[in-house]
Amino acid sequence: MTPEVPIEEARWLARAREGDERAFAQLVEAYERPVYNLCYRMLWDAPEAEDAAQETFLKAFRGLHRHDPDRPFRPWLLSIASHHCIDRLRRRRLRLTSLEDLQGEEVPAAPSPGPEATALEREQSRRVQQMLAGLAPKERAAVVLRYWYDLSYVEIGQALSLSESAVKSRLHRARRQLADLWRAGDEKALAAGGRQNEPSAA
Amino acid sequence: MNPQQPERDRRELDLPGWAEAEAALQAAPMLGPAVGFSRRWRLHLTARRARHARRQSLWSLGLALGGALAALAAWVLIGPLGAPADMAVELAVRVAAWGRGLDLLLGLADALLGALPLLPRFVGGLWLLLTLGWLSALWLASLYRLSVQEIRNGG
């Protein structure tokens with residue numbers, strides 16, 4: 001079963017396929033948030049996520065002739081973004097950038113944070129990013145596609161060039177790791193809290 | 001999340017810490033880029049195209065310069081052997097001479113092939129000539145013997 005492609009989107013796609021840059025800009029506007037979010041969740045660096053999202057749209061514009069018009073555009077675009085981010089993460093690992101370098105990264109504002117965006121929410125966001133950063137690139141991509149985009153195992157497999165069983169096993173491994181990381185974070189917070197409450201030696 | 005969560009997902013809910021981790025993942029918002037992303041994308045595209053065009057023109061220029069340098073190097077290396085124009089003229093003359101020689105050979109071969117039907121008649125005439133020549137030689141030998149040798153013998 002193939003999900004229906006919205007009529008407006010199909011029109012933009014058809015025009016963009018003929019090289020209409022304005023029509024593709026409409027698609028960029030429609031998908032900038034999901035693509036950026038995926039890049040940010042993968043890379044945990046706002047300027048790099050912006051750059052990766054821009055590159056994703058450029059790649060999509062150039063490779064539009066490879067997109068099957070009968071298939072939905074969003075998973076195809078997310079697949080490009082995932083592969084691009086995985087490549088960036090591998091290059092980053094080659095440059096020996098340590099995770100600690102990214103620990104201080106401020107999580108960008110949510111769509112409508114308003115004044116109620118509390119310190120607790122920010123801390124929670126930071127913790128989510130720290131957990132994701134502890135996963136291998138493909139596992140991270142699988143988790144992001146599953147929890148933010150609600151893609152099925154088959155769709156995740158298509159996006160990441162993996163079989164359905166490989167997706168299941170990677171997600172299983174990732175969940176175990178995430179649970180461990182969450183517990184480790186709890187213990188660390190408890191230890192820090194305990195130290196804060198310790199009476200001074202003096 | 002898919003409402004029909006697979007069995008494995010449900011089992012993982014039993015992992016200590018997983019329920020909280022999953023709740024945090026589900027609560028995490030969809031983040032968006034700074035305002036003007038689409039406009040920046042168009043600028044990015046324009047800049048990329050300009051860079052591509054610049055790179056292509058640099059390549060063309062490099063190739064042209066490389067070709068010119070290669071030609072210059074060849075001229076410098078071959079220079080002691082003679083002027084390039086003279087060498088070219090000499091080569092042209094030689095090629096023309098080889099062409100003429102080849103043309104002559106082909107003409108000769110053509111003529112010989114054309115003369116093939118006359119060969120039997122030519123062979124018949126040759127036999128007649130050989131016979132007449134032989135008889136003439138015999139006649140001359142007889143004359144020599146009768147005249148010169150007889151005088152020498154005092155006859």
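## Helix 1 and helix 2 of chain A

In this predicted model, the axes of helix 1 (residues 7-17) of chain A and helix 2 of chain A come within 7 Å and cross at roughly 135°. Angles over 145 degrees would count as roughly antiparallel and 65 to 115 as roughly perpendicular, so helix 1 of chain A is oblique to helix 2 of chain A. The crossing of these two helices is left-handed.

From helix 1 of chain A, the residues W12(A), R15(A) and A16(A) take part in the contact; they meet A23(A), F24(A), Q26(A) and L27(A) of helix 2 of chain A. By class, the residues of this contact are five nonpolar, one polar and one charged.

## Fold of chain A

Chain A has eight helices and zero strands, giving the pattern α-α-α-α-α-α-α-α along the sequence. Of its 202 residues, 34% count as buried. Where contacts in chain A join residues at least 6 apart in sequence, 64% of them link residues at least 24 apart.

## Contact between chain A and chain B

The contact draws 36 residues from chain A and 28 residues from chain B. On the side of chain A that touches chain B, the elements giving two or more residues are helix 2 (21-43), helix 3 (46-62), helix 5 (119-133) and helix 8 (164-197) of chain A. Helix 2 of chain A gives the most to this side, with ten residues.

The residues on the side of chain A that touches chain B comprise 18 nonpolar, six polar and twelve charged.

Conventions:
Residues numbered from 1 in each chain as written. Chains lettered and ligands numbered in written order. Predicted model: local features only at pLDDT ≥ 70, side-chain atom pairs only at ≥ 80, totals over all residues. Contact = placed C-beta atoms within 7 Å. Helix = DSSP H or I, 4+ residues; strand = E, 2+ residues; numbered from the N terminus. Nonpolar A, V, L, I, M, F, W, Y, C, P; charged D, E, K, R; others polar. Buried ≥ 20, exposed ≤ 12 C-beta atoms within 10 Å, placed from the backbone. Axes fitted to C-alpha atoms, helices over the stretch in contact; angles between N-to-C directions. Parallel < 35°, antiparallel > 145°, perpendicular 65-115°, else oblique. Left-handed = near helix turned anticlockwise from the far one by under 90°.
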